[in-house]
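Have a look at the model first, then read on.

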Amino acid sequence: MTDLPLAGPVPAISEVDSRTLAAWLAARGEPAYRVDQVLAGAHRPGVGSLADLTDLPLALRSAVTAAFRFSTIAGSHVLVADGGLTAKAVHELADGQRIESVLMRYPARGRAATRTTICISSQAGCAVGCPFCATGQAGFGRQLSAGEIVDQVLHWHREPWSALGADWRPTSRRGHYNIVFMGMGEPLNNVDRVFAAVRLLNDPARLGIGARHITVSTSGVVPGIDRMIEELPQVNLAISLHASSDALRDELVPINRKWPIAEVIAAGRRFATRTGRRVSLEYVLIEGLNDAPSQASSLAELAAGWLCHVNLIPLNPTPGSRWGGTPAAGVSSFAGVLRRGGVPVTVRDTRGREIEAACGQLHAQLAGRPLVAAAPAS
C-alpha cells in the first residue's frame, strides 16, 4: 500500500494499490475481476461516492464503503474564470491542511485538438521559499500522500460543471489531457510519494493517463532529476530556472545555493540525453529584475545546443508584492534574444488573474475562513 495521509487510519481508494485491494477482496471470497470493477468505478467521472459503484453486489458495495474513504479531500472551494476555461480549487484535507489545484482548458484551434491541463500540488506549502511565490511566502506544512495528490485530479473528474466526460482520457480523439506537478510544493522534495502518485495516475485500471502526458516540475533538486531518469523516463521534466546567473538565482530560487545553475543544467542535459525527451526551462519574467537583454543572452547560452526549450511566464504578482510582471513588449524582446540564439521559446498564456490563480494566492486569500463551494462564474 502507498503511504497513507497523516490523519485517519482508513485508506482512500485512490491510494490503495491493486495487490492490496486484490488481497482484501480475496479474503472476502470475491473473484479477481472485482479489483478492476472497484478501481474503474471509483475513478469514473461523475461518481459521487463509493455507494455509487452499482456494478458491485449490495453487500460488497457496503463493505467497500466501510473499508475505504472515497477521497482524502474533505472539502473544496472552487472559483471559475476566463469564461469557464480556467478554474481553481482550494482543497481542505482531513487534518485541516489546504492545497490548491487548477483546471485549464485550451479550445481547439485549426487541426489542434482541445487540451485540458490539471495543475496539482505535491506538498502543503513549500520549503523552497521563492520570494515571488505566494506558496513560498506561506511556508511549509507537510508532505502530501500519493492519494492526496491523485485526489486533486479526481476532484475535477467529479466536479459536476467541469464535464470532462469522454474527453478525459489522453487517448481520446477529441482532446488531450495533461497533468502537471506545478502547484504548491517542490515535487522532488516529496519524491517517493510523487512517483507513487504518477504510477497511480498511469495505472490503466484507474485513470490510465499516459506518462508522456504527465510533467514534473522542479526548482532544481538534482538527485530527484537523476531518479526520474532511472524510474520515470517517459515523464516530462520542467526546471524552474527564473535566472541565468547564480547571484540572482540565489535570491529568487534559494535552493540554488545547494544546487547551482551549472549542476541543474547538467542534470537537465543528462535527462534529455538519456530519455530523448525535451526539457522545459521555466522562466518567470519579473520587471526590472531578471528581464534584461544581458540575462536573456546568458539564458540563451545555457539553453543552446541540447534538447530543451524555454517557457517564459510573465509574473502574476502576489498581493503586496514589490515586483511586477514584465510588460508584453519586454516579454517579446526577451523572447527575441532567445530565438536569435537558436533556442526554441514559448510564452505561457496568463490565466485566472481574477481568481488569484497563481500558486498559493487563493489559499492565502481564504486563510482562516471555512471553505464553501463557490458558484461557477459564467
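Arg227 is partly exposed, at a relative accessible area of 28% (buried means under 20%, exposed over 50% and partly exposed in between, with a 1.4 Å probe and protein chains only). This is a predicted model, in which local features need pLDDT of at least 70 and side-chain atom pairs count only at pLDDT 80 or more, while totals for chains, interfaces and linings use all residues. Residues are numbered from 1 along each chain as its sequence is written, and side-chain values use heavy atoms, leaving out hydrogens and water.

**Salt bridges**

- Side chains of opposite charge can pair when their charged atoms come close.
- Searching the whole structure turns up 14 salt bridges, each a side-chain nitrogen of Lys or Arg within 4 Å of a carboxyl oxygen of Asp or Glu.
- One of them joins the side chains of Lys88 and Glu100, at 2.7 Å from N to O. Lys88 belongs to strand E2 (residues 86-93) and Glu100 to strand E3 (residues 98-106), so this pair ties together parts 12 residues apart in sequence. Helices (H or I, at least four residues) and strands (E, at least two) are DSSP runs, numbered from the N terminus.
- Lys88 and Glu100 are both buried.
- Arg227 forms a salt bridge with Asp192, with the closest N and O atoms 3.0 Å apart. Since Arg227 sits in helix H7 (residues 222-231) and Asp192 in helix H6 (residues 191-202), the pair ties together parts that are 35 residues apart in sequence.
- Arg322 and Glu251 also meet through their side chains, at 3.9 Å from N to O. Arg322 lies in the loop between strand E11 (308-314) and helix H11 (328-340), and Glu251 in helix H8 (residues 246-252), so the pair ties together parts 71 residues apart in sequence.
- Arg322 counts as exposed at 62% relative accessibility, and Glu251 is partly exposed at 35%.
- Through shared partners, salt bridges join Asp192, Arg199, Arg227 and Glu231 into one network.

**Helix H10**

- In helix H10 (residues 293-303), the buried residues are Gln295, Ala296, Leu299, Ala300 and Ala303. Viewed down the axis of H10, they fall within an arc of 145 degrees, so they line one face of the helix; the arc is that of the directions from the helix axis to the C-beta atoms.
- Exposed residues Ser294 and Glu301 are carried on the face of H10 turned away from its buried side.
- The cover over the buried residues of H10 includes H8, strand E10 (279-285), E11 and H11.

Note on methods: Contact = heavy atoms within 4.5 Å.
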